Amino acid sequence: MTTYQEGDYVYILREDGTVLTAGRVKRKRPDGRYKVRKAGRNQVVTVPPGRLAIHPQNGW
């Protein structure tokens with residue numbers, strides 16, 4: 001399983017594997033989930049590691 005670092009750009013995926021939105025990793029929680037700030041919004045969501053994928057961009 002891929003691990004993500006603070007500042008990584010990622011896709012947030014739906015359960016079926018399609019892309020919901022993009023975001024940037026804020027931090028990894030002790031339970032293994034990630035806090036991710038959604039792109040274009042000041043909203044932070046908690047996402048399990050299986051619902052993230054690397055985003056090809058490194059800025060927006």
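In strand β3, Tyr34 is the bridge partner of Lys28. Strands here are DSSP runs of E with at least two residues, numbered from the N terminus. The model is predicted, so local features need pLDDT of at least 70 and side-chain atom pairs pLDDT 80 or more, while totals for chains, interfaces and linings use all residues. Residues are numbered from 1 along each chain as its sequence is written, and side-chain values use heavy atoms, without hydrogens and water.

Strand β2 (residues 19-28) runs antiparallel to β3, and 5 bridges join them. Two strands pair if DSSP finds at least two bridges between them. The β2 and β3 hairpin has 5 residues between the strands. Gly32 in this hairpin takes a positive phi near 95°.

On its other pairing, β3 is joined to strand β4 (residues 44-47) by 4 bridges, again antiparallel. Arg37 stands opposite Val44 in β4. This hairpin also has 5 residues between its strands, and Gly40 in the turn has a positive phi of about 75°.

Side chains alternate along β3. Tyr34, Val36 and Lys38 point to one face and are buried, that is, under 20% relative accessible area with a 1.4 Å probe, protein chains only.

The structure holds 1 aromatic pair. Rings of Phe, Tyr and Trp (its six-membered ring) pair if their centres lie within 6.5 Å. The ring centres of Tyr4 and Tyr34 are 5.5 Å apart, and their planes stand at 85°, so the pair is edge-to-face (over 60 degrees). Tyr4 lies in the segment before β1 (9-13) and Tyr34 in β3 (residues 34-38), so the pair ties together parts 30 residues apart in sequence. Both Tyr4 and Tyr34 are buried.

How values were computed
Rings of Phe, Tyr and Trp (its six-membered ring) pair if their centres lie within 6.5 Å; planes under 30 degrees apart count as stacked, over 60 as edge-to-face and the rest as tilted. Buried means under 20% relative accessible area, exposed over 50%, partly exposed in between (1.4 Å probe, protein chains only).
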